[in-house]
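Reader: I am new to this structure. Could you walk me through it in short steps?

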Amino acid sequence: MMNFLVKTIANAGALAVAVWLLDKITLTGDSTGGKAVTLLLVALLFGLVNSLVKPVVKLLSLPLLILTLGLFTLVVNALMLLLTSWLADILDLGFHVEGFWTAVAGGLIISIVSWALDVVLPDKD
């Protein structure tokens, strides 16, 4: 349970960095606390999308992943971020990603920040 909480907070931190760096990824809320709660809910949603949908998409796109030597992973990450944005819009959370190329940049930022946080934060499993 502690590992799940740490991973969710790391996802929230990575999403916060992407929101901070890219103008077309927006997070809305009434106050700082409201934005923090929205960010945690979006991080939970993002983790759910990555754990349920991403493996299926990676399996179906395996030939493209092999052909591009793994660079197609950037496209898969962008699609997962766009799916999270779409689901957040349906759930009326204040998170939106505008456009595919913004999602590619956001996915790259989230991957780098998540990797850095995984190096720093201990993994108890």
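**Helix, core and loops**

Author: This is a predicted model. Start with α2: its 21 residues reach 30 Å from the first C-alpha to the last, close to the 30 Å expected at 1.5 Å a residue.

Reader: Which residues of α2 are buried?

Author: Buried means under 20% relative accessible area. What covers such residues of α2 includes α1, β1, α3 (54–60), α5, β2 and α6. The buried residues are Thr38, Leu39, Val42, Ala43, Leu45, Phe46 and Val49.

Reader: How many residues does the largest nonpolar core have?

Author: α1 (2–21), β1 (25–27), α2 (32–52), α5 (72–90), β2 (95–97) and α6 (100–120) each supply at least two of its residues. Those with the most contacts inside it include Leu15, Ile25 and Leu81. The core has 24 residues.

Reader: Which residues does Leu15 touch, not counting residues up to four places away in sequence?

Author: Leu15 is among the residues with the most contacts inside the largest nonpolar core. Outside that sequence range of up to four places, Leu15 touches Leu39, Val42, Ala43, Phe46, Leu81, Phe95 and Ile110.

Reader: Is Leu69 buried or exposed?

Author: Leu69 is found in the loop between α4 (62–67) and α5. Its phi is positive, about 55 degrees, although Leu69 is not a glycine. Most residues other than glycine have a negative phi. With a relative accessible area of 77%, Leu69 is exposed.

Reader: What is the relative accessible area of Asp92?

Author: Asp92 is found in the loop between α5 and β2. Its phi is positive too, near 60 degrees. Asp92 is exposed, and its relative accessible area is 69%.

Notes. Residues are numbered from 1 along each chain as its sequence is written. This is a predicted model: local features need pLDDT of at least 70, side-chain atom pairs count only at pLDDT 80 or more; totals for chains, interfaces and linings use all residues. Side-chain values use heavy atoms; hydrogens and water are left out. A nonpolar core is a set of buried Ala, Val, Leu, Ile, Met, Phe, Trp, Tyr and Cys residues joined through side-chain atoms within 4.5 Å. Buried means under 20% relative accessible area, exposed over 50%, partly exposed in between (1.4 Å probe, protein chains only). Helices (H or I, at least four residues) and strands (E, at least two) are DSSP runs, numbered from the N terminus. Contact means heavy atoms within 4.5 Å. The expected span of a helix is 1.5 Å times one less than its number of residues.
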